[in-house]
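Q: Please take a close look at one part of this model, its pockets. I would like to know what lines them, in one connected account.

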Amino acid sequence: MLACLAPDAILKSPITDGFAFRGLEQLAPLFEDVFAVVDDVRYTADVGDDRTRMLRLEARVGRQRLDEAMLVQLGPDGRITHMELFIRPMPGLTALAAALGPRVAGRRSRVRALAVRAMIGPLAFATRHGEGLGSRLARP
């Protein structure tokens, strides 16, 4: 994956607008963490031109399924300069945040990892267990 990235590539997270990951120095450990928590990745669509691609994939985080759309901008050399990710459904996104957030924060300190886990864990639990009832209540 890293060989496909421009040295100054930017990834906009589907989890936060608070920051973006910039450059191979930040993206290498991020992808290591992503590949540690995301399984069964299957690409189902790839559309666009030689500068802009939209990819669709299906994957799992633990037992939770997720769908992702990835908008990719390519530089003149064909390497990725910009990636923006969109994930659904909400239980998939929160499962990813709960699995990935503490790992990313834990690279800075154990306390940060615990704090992120404490913040995101209840949200992931609520969306995982509430989605079935919530969707039945809201179903047209």
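A: In the classes used here, Ala, Val, Leu, Ile, Met, Phe, Trp, Tyr, Cys and Pro count as nonpolar, Asp, Glu, Lys and Arg count as charged, and the others, Gly among them, count as polar. The model is predicted.

By these classes, the lining of the second largest pocket has four nonpolar, three polar and two charged residues. The residues in question are Val61, Gly62, Arg63, Gln64, Ala95, Ala98, Ala124, Arg128 and His129. The volume of the second largest pocket is about 160 Å³. Helix 2 and helix 3 each contribute at least two residues to its lining, and helix 3 has the largest share, with three residues.

The largest pocket has a volume of about 860 Å³. Its lining consists of 37 residues, and Phe21, Leu30, Val34, Leu100 and Val104 lie nearest the centre of the pocket. Two or more lining residues come from each of helix 1 (23–37), strand 3 (38–48), strand 5 (64–74), strand 6 (80–88), helix 2 (90–106) and helix 3 (110–138). Helix 1 gives the most, eight residues. By class, the lining of the largest pocket comprises 27 nonpolar, four polar and six charged residues.

Key: Residues are numbered from 1 along each chain as its sequence is written. This is a predicted model: local features need pLDDT of at least 70, side-chain atom pairs count only at pLDDT 80 or more; totals for chains, interfaces and linings use all residues. Side-chain values use heavy atoms; hydrogens and water are left out. On a 1 Å grid over the protein atoms alone, a cavity is a set of points where a 1.4 Å probe fits but cannot get out, and a pocket is an open set with protein on both sides within 12 Å along at least five of seven lines; lining residues have an atom within 4 Å of a point. Grid points are joined across faces, edges and corners, and a volume is the space filled by probe spheres set on the points. Helices (H or I, at least four residues) and strands (E, at least two) are DSSP runs, numbered from the N terminus.
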